[in-house]
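Trainee: I have a new model open. Show me how to read its features one by one.

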Amino acid sequence: MYLMLFYKLMVLNSLEKKRVGRQGGGIAVYVKDGIDATIVDSLNSMPLVEALWLKVNVGEPKTVLLCFLYRPPSSNNEYYDAMLEMINVSLSISDDAIMMGDLNFDYVIDKNLCNSPLTGY
């Protein structure tokens with residue numbers, strides 16, 4: 001079992017962004033060998049938002065931005081505004097972007113999120 005797991009990880013490349021200002025944590029993504037994926041430094045330099053942006057070549061000349069995001073449940077409006085700024089910057093780089101992760105939005109508790117600017121993307 002462990003040998004098989006180790007073998008599967010050997011054919012993957014690890015891309016990561018360590019957490020800034022706190023110990024532990026961060027975001028890691030495993031990409032299969034042969035997939036052309038690079039870290040987008042201009043988007044990953046926003047210290048408040050815990051996200052890892054990758055540019056993936058899906059066939060010349062087509063590229064897609066992938067965002068792997070973690071939003072702590074205790075995040076405030078400043079974090080939310082920084083997320084929106086990050087999304088706007090990403091759209092200046094590529095029209096094709098996919099965002100995924102643990103956003104910790106509770107639409108049942110906070111009805112305002114249903115009308116948030118994020119629904120326009």
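Mentor: Start with Lys62. This is a predicted model, and in it Lys62 has a relative accessible area of 39%.

Trainee: Which residue does Lys62 meet in a salt bridge?

Mentor: A salt bridge needs a side-chain nitrogen of Lys or Arg within 4 Å of a carboxyl oxygen of Asp or Glu. Here the side chains of Lys62 and Asp96 pair up, at 2.2 Å from N to O. The two lie 34 residues apart, with Lys62 in strand β5 and Asp96 in the loop between α3 and β6.

Trainee: How many salt bridges does a search of the whole structure find?

Mentor: The count is 1.

Trainee: Is Ser90 buried or exposed?

Mentor: Buried means under 20% relative accessible area. Ser90 has 1%, so it is buried. Ser90 sits in helix α3, which spans residues 77-93. Leaving out residues up to four places away in sequence, Ser90 touches Leu43, Trp53 and Leu65.

Trainee: What pattern does the protein follow along the sequence?

Mentor: Read it as α-β-β-β-α-β-β-α-β. That is 3 helices and 6 strands.

Trainee: And the protein as a whole?

Mentor: Of its 121 residues, 32% count as buried. The accessible surface is about 8,200 Å², with 58% belonging to carbon and sulfur atoms. Among contacts with a separation of 6 or more, 48% join residues 24 or more positions apart.

Conventions: Residues numbered from 1 in each chain as written. Predicted model: local features only at pLDDT ≥ 70, side-chain atom pairs only at ≥ 80, totals over all residues. Heavy atoms only, no water. Helix = DSSP H or I, 4+ residues; strand = E, 2+ residues; numbered from the N terminus. Buried < 20%, exposed > 50% of the residue type's maximum accessible area, 1.4 Å probe, protein only. Contact = heavy atoms within 4.5 Å. Areas by Shrake-Rupley, 256 points an atom, 1.4 Å probe, with all protein chains shown as cover.
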